[in-house]
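Open the model in your viewer and keep the sequence panel beside it. We will go from stop to stop, selecting a few things at each.

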Amino acid sequence: MKKILLPIDGTNKSLESCKYIVENFNTDNTKIYVLNVNEDFYHGFSNTGESEKANKNVLKAIDNTDNELKNFDVEKTVVTSKSAKEEIVSFAFENNIDTIVMARATKEGIKKISGSVSKYVSKFAHCPVIILP
Amino acid sequence: MKKLLLVVDKSKAEFNQFLAEFIVNNYLPEEVEIEAVTVINDHYPYTITSVDKKIITKDKMPVFNKISSILNKYKVNKHIFIDTDNAQRIVQFAKDNAVDTIILTNPNKYNLPNFFVPYLVNHSGIKVLVLPYKSNYGNKKSA
């Protein structure tokens with residue numbers, strides 16, 4: 001059984017990774033781990049309103065993957081951490097992930113600068129990392 | 001048929017072996033066409049070193065030996081370029097040849113900042129598949 005880690009952050013860009021998975025992996029022998037890392041709580045600047053908004057966006061993003069990955073075995077996880085990039089790498093290692101699929105950068109408008117998360121993950125992950133343009 | 005670009009390391013045969021074995025374990029020969037590419041830096045006004053000259057031997061291309069022996073059932077096209085900018089050359093080649101995915105091992109040899117992978121990712125508009133080389137995870141805290 002192949003284990004694929006799909007980190008998402010709630011943006012449309014991160015959800016595009018779902019399409020790649022559908023096109024390139026077999027539903028019979030693939031399990032998808034959808035992971036969202038909530039960094040907001042640890043930044044210390046969020047008031048309750050922002051945290052709740054972030055939470056809602058996360059839940060909406062995770063639910064959006066249901067439609068795209070409906071034929072796959074999917075396990076969803078939301079964690080809170082001070083560093084999304086470190087959490088992704090640790091999660092992949094601890095769960096013996098075979099491949100990480102992620103978008104290059106999810107911030108809109110910053111088209112020429114590589115996302116810091118994908119850059120970190122590609123450097124330190126124990127498994128292959130596919131970075132989508 | 002997918003076209004894969006393999007970034008071949010001109011100094012570390014074990015990286016290339018790792019790369020070739022990944023292809024064998026994940027793709028069937030009939031599914032892919034492989035462009036194996038290595039780029040030799042030509043930092044003007046410095047001349048190419050004698051070590052590099054051995055790599056450039058056109059008739060034998062020894063830098064591709066590992067790749068060729070493991071991928072003997074695959075269609076592999078080999079390319080050596082001389083350029084001042086490795087990453088830029090590879091991106092240009094990938095775009096010119098309608099490559100589907102660029103595949104390379106993550107060197108991380110000396111725990112230095114890696115600019116090569118981000119450049120490929122940012123400027124190619126193509127999927128980039130980065131393979132870890134063995135001990136990367138263990139090095140994460142010291143980088």
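How many helices and strands are there in chain B? Chain B has 5 helices and 5 strands, where helices (H or I, at least four residues) and strands (E, at least two) are DSSP runs numbered from the N terminus. Their order from the N terminus is β-α-β-α-α-β-α-β-α-β.

Before going on, some ground rules. This is a predicted model, in which local features need pLDDT of at least 70 and side-chain atom pairs count only at pLDDT 80 or more, while totals for chains, interfaces and linings use all residues. Residues are numbered from 1 along each chain as its sequence is written, chains are lettered from A and ligands numbered from 1 in the order in which they are written, and side-chain values use heavy atoms, with hydrogens and water left out.

**Stop 1: colour chain B by confidence.** pLDDT is the predictor's confidence in each residue, from 0 to 100. Its mean over chain B is 80, and 73% of the residues there reach 70 or more. Within chain B, look for the highest confidence in β1(B), at 95, and the lowest in helix α2 (residues 50–55), at a mean of 59. Over residues 135–143 of chain B, pLDDT stays under 50. The model as a whole scores ipTM 0.80 and pTM 0.83.

**Stop 2: select residues 13–26 of chain B.** (The expected span is 1.5 Å times one less than the number of residues.) Now pick out its buried residues: B:F15, B:N16, B:L19, B:A20, B:F22 and B:I23. They cover an arc of only 150° around the axis, so they sit on the same side of α1(B); the arc is that of the directions from the helix axis to the C-beta atoms. Buried means under 20% relative accessible area, exposed over 50%, and partly exposed in between (1.4 Å probe, protein chains only). These buried residues pack against β1 (2–7), β2 (32–41), α3 (65–70), β4 (101–105) and β5 (127–131) of chain B.

**Stop 3: show the largest nonpolar core.** Such a core is a set of buried Ala, Val, Leu, Ile, Met, Phe, Trp, Tyr and Cys residues joined through side-chain atoms within 4.5 Å. Of its 39 residues, A:L5, A:I100, A:V121, B:L5, B:I102 and B:L120 touch the most other members. Apart from it lies another core, of 36 residues, including A:I21 and B:V32.

**Stop 4: go to A:S122.** It lies in helix α5 (residues 116–124) of chain A. Is A:S122 buried or exposed? A:S122 has a relative accessible area of 6%, so it is buried. Its side chain reaches the backbone oxygen of A:K119 at 2.9 Å. Beyond four places in sequence, A:S122 touches residues including A:V129, B:N106 and B:V117; contact means heavy atoms within 4.5 Å.

**Stop 5: finish at A:K2.** This residue is in strand β1 (residues 2–7) of chain A and, at 28% relative accessibility, is partly exposed. Which residue of chain B does the side chain of A:K2 join in a polar contact? The partner is the side chain of B:N26, at 3.0 Å. A polar contact is a pair of N or O atoms within 3.5 Å; within protein, one must be able to donate a hydrogen and the other to accept it, and residues adjacent in sequence count only if both atoms are side-chain atoms.
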